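Hello,

Here is the structure I promised to pass on. My notes on helix packing, pockets, a cavity and a few residues follow below.

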Amino acid sequence: MQPTPDFSAPKLAKSLLRRRREGALATLMEDGGAPYCSLVNLASHPDGSPLLLISRLAIHTRNVLADPRVSLMLDERAAGDPLEGARIMLLGTAVPASPEQLPLWRRRYLAAHPAAEGYIDFTDFSLFKIETSGLHLVAGFGRILDLAPDRYLTDLRGADALLEAEASAVAHINADHPATMNLYATQLLGAAEADWRCTGIDPEGLDLQCERSTLRLEFPDRVETPVALRDMLKRMADIARKTE
């Protein structure tokens, strides 16, 4: 990949954080501090931070409870040489959900991983959020750089009304507008026709998923209220229909 004028490191980092559903989690062994790496499933917080559901029976969870410092590797899983695909390494701290945070984190995780419904409430499982301190992006020749959190996380200030309405909006969209989700996927994002469903909404966009495939629909303008969301979704649908 060669540098191009339209390359946006923050945009690529945000896309990977929203779309990836698994990653390599690096922790420090509680006995001696040796590095330990494991594969984990992921979802995303409305601000883009990774959410993990991990069991206290796992070594990585015991490591996190002893020392919350972690790093997380996400990659594009591009065809061909994996080193030619974009990847990010996130630095941060794994923080458990508080009682107030749990409903949101739980809902967002289950939207991305519906099968986790069968064990998410087991007493040994807990939800964690990686609160990031920085990110290292590798996206090809001339595309290696570090980003501060404000470059790749979504600012949620002023969007309380949207976040409060997200659960009902997602449920309504999936129940009443599946054809529109498919329209977004095929006409705006170049995906094949499938049973696309909405898994999350935030001020900057909408997340779509069909089984393990994921898409990110970015809004051309920031959305902070349910009324603005309704207008934006109609606007995007009108644009999609014009491309048919």
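**Helix packing**

Helices α5 and α7 pack with their axes 9 Å apart, at an angle of about 45 degrees. That makes α5 oblique to α7. (Under 35 degrees counts as roughly parallel, over 145 as roughly antiparallel, 65 to 115 as roughly perpendicular, and the rest as oblique. Axes are lines fitted to C-alpha atoms, for helices over the stretch in contact, and angles run from 0 to 180 degrees between N-to-C directions.) From α5, the contact uses A161, L162, A165, A169 and I173; from α7, it uses P226, L229 and L233. Contact means heavy atoms within 4.5 Å. By class, this contact has eight nonpolar, no polar and no charged residues. (Ala, Val, Leu, Ile, Met, Phe, Trp, Tyr, Cys and Pro count as nonpolar, Asp, Glu, Lys and Arg as charged, and the others, Gly among them, as polar.)

**Before you read on**

This is a predicted model: local features need pLDDT of at least 70, side-chain atom pairs count only at pLDDT 80 or more, and totals for chains, interfaces and linings use all residues. Residues are numbered from 1 along each chain as its sequence is written, and side-chain values use heavy atoms, with hydrogens and water left out. Helices (H or I, at least four residues) and strands (E, at least two) are DSSP runs, numbered from the N terminus.

The largest pocket holds about 310 Å³ of space. It has 15 lining residues, and H172, I173, H177, R230 and L233 are the closest to its centre. Two or more lining residues come from each of α5 (160-176), α6 (178-188) and α7 (226-243). Helix α7 gives the largest share, seven residues. The lining has nine nonpolar, three polar and three charged residues.

The second largest pocket has a volume of about 190 Å³. Of its 11 lining residues, F7, S8, K11, L12 and S15 lie nearest the centre. The elements giving two or more residues are α1 (9-19) and β11 (213-218). Here α1 gives the largest share, four residues. This lining divides into two nonpolar, three polar and six charged residues.

On the terms: a 1 Å grid is laid over the protein atoms alone. A pocket is an open set of points with protein on both sides within 12 Å along at least five of seven lines; a cavity is a set where a 1.4 Å probe fits but cannot get out. Lining residues have an atom within 4 Å of a point.

**The cavity and R108**

One cavity of 30 Å³ or more turns up in a search of the whole structure. The largest cavity holds about 40 Å³ of space. Its lining is R21, A43, S44, R108, A112, T199, G200 and D207. Elements giving two or more of these are β3 (43-44), α3 and β9 (197-202).

R108 lies in helix α3. It is buried, with a relative accessible area of 4%. (Buried means under 20%, exposed over 50%, partly exposed in between, with a 1.4 Å probe and protein chains only.) Leaving aside neighbours within four places in sequence, R108 contacts R18, A43, S44, H45, P46, L51, E166, G200, I201 and D207.

**E100**

E100 sits in the loop between β6 (87-96) and α3 (102-112). At 67% relative accessibility, E100 counts as exposed. E100 and L233 are 29 Å apart in space, C-alpha to C-alpha, and 133 residues apart in sequence.

Best wishes

Conventions
Points joined across faces, edges and corners; volume = space filled by probe spheres on them.
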